[in-house]
Amino acid sequence: MEKYRGKKKLIYDSQNVEYTLKKQILPDIRESKNLLDNLFRLENRALKLSDIILTCSNEDSYNFQQIYKMGYDKMILTPNGVDTELIKYVGFSEREQHKKKLGLVEHTRVVFIGSLHTPNVEAVEEIIKIAYQLPDIQFIVIGNVNLLFLNKIIPKNVILTGMLEEEEKKSIYAYADFAINPMKNGSGTNLKIAEYMASGLPIISTSVGARGYQIKDGSEIIISSLEEFPEKIKKLTANKLLQQSLSKHGRLIVEQNYSWDKIAENSLRQIKRYL
């Protein structure tokens with residue numbers, strides 16, 4: 001980047017506070033300290049050299065300010081979003097009809113999606129604990145996060161699909177009752193939250209899992225501690241009206257604030273101020 005300094009405007013598109021994220025997941029050994037020291041210097045240089053910094057959450061902006069002793073003057077909030085034209089909304093009534101057509105009305109089905117990334121692995125570990133407590137709920141885990149669990153003993157009500165084609169994933173999203181996100185760590189934002197909401201899936205998430213999204217607990221999402229997850233899942237399973245409300249309001253908030261066209265329009269308007 002250095003050779004372009006002063007010749008072009010430099011924009012750093014940040015997806016995480018990398019130093020914070022790696023500090024959470026690296027083991028406490030000497031090699032980790034060396035890696036973190038190098039990462040700190042690299043991230044600091046990228047931030048200081050850039051004319052504009054795109055952050056995907058207010059939490060990330062704040063952490064950059066605290067860790068690297070810099071102001072907010074060149075930070076632009078550019079949240080992660082989804083293409084609401086491509087993601088079909090399946091409302092509560094259509095979801096119930098789809099379940100009946102497939103003969104899937106006897107169990108509540110809860111979905112989680114994740115890549116092979118430490119915070120996702122931790123979330124699946126939590127799902128396994130929850131599944132043992134809720135044997136009548138089926139938990140569907142999508143994504144290559146399953147690779148770390150193939151040779152482990154897991155409860156029968158946890159289904160590891162592995163990687164799926166897009167249409168297969170959409171099919172599960174259309175008949176699942178709701179989605180969960182029991183994350184313990186992370187930086188940036190979880191794109192899965194916006195995808196769940198756009199698809200019409202009600203969500204139960206930890207506050208860490210929902211970080212970066214301006215969504216209201218109780219009306220657009222259910223925020224829960226890990227300890228309360230089993231109870232929250234049971235209550236949402238029994239409350240069809242709440243499922244319907246969360247589905248409708250979740251999709252609406254995505255259309256208003258987290259569709260790529262709205263995000264791009266807002267970000268471009270702010271970037272032009274610096275050009």
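Author: Let's start with a term: a residue counts as exposed when its relative accessible area is over 50%. Keep in mind that this is a predicted model.

Reader: Okay, so is Asp261 buried or exposed here?

Author: Asp261 has a relative accessible area of 53%, so it is exposed. You'll find Asp261 in helix H10, residues 260-271.

Reader: Now strands. How do I read the two faces of one, and what covers the faces of E2?

Author: The general idea is that side chains in a regular strand alternate between the two faces of the sheet. Strand E2 covers residues 52-55, with Ile52 and Leu54 on one side and Ile53 and Thr55 on the other. Those four are all buried, so both faces are covered, given that buried means under 20% relative accessible area.

Reader: Which strands pair with E2?

Author: Strand E1 (residues 11-13) pairs with E2 in the parallel sense over three bridges. Three bridges also join E2 to strand E3 (residues 75-77), again running parallel.

Reader: What is the strand order in the open sheet of six strands?

Author: That one reads E6-E5-E4-E7-E8-E9, with parallel pairing. E6 (158-162) and E9 (222-223) stand at the edges with a single partner strand each, so one side of each has no neighbour in the sheet.

Reader: How many bridges pair E8 with E9?

Author: Two, in the parallel sense, with E8 spanning residues 203-205. There, Ile204 stands opposite Ile222 in E9.

Key: Residues numbered from 1 in each chain as written. Predicted model: local features only at pLDDT ≥ 70, side-chain atom pairs only at ≥ 80, totals over all residues. Heavy atoms only, no water. Buried < 20%, exposed > 50% of the residue type's maximum accessible area, 1.4 Å probe, protein only. Pairing = 2+ DSSP bridges.
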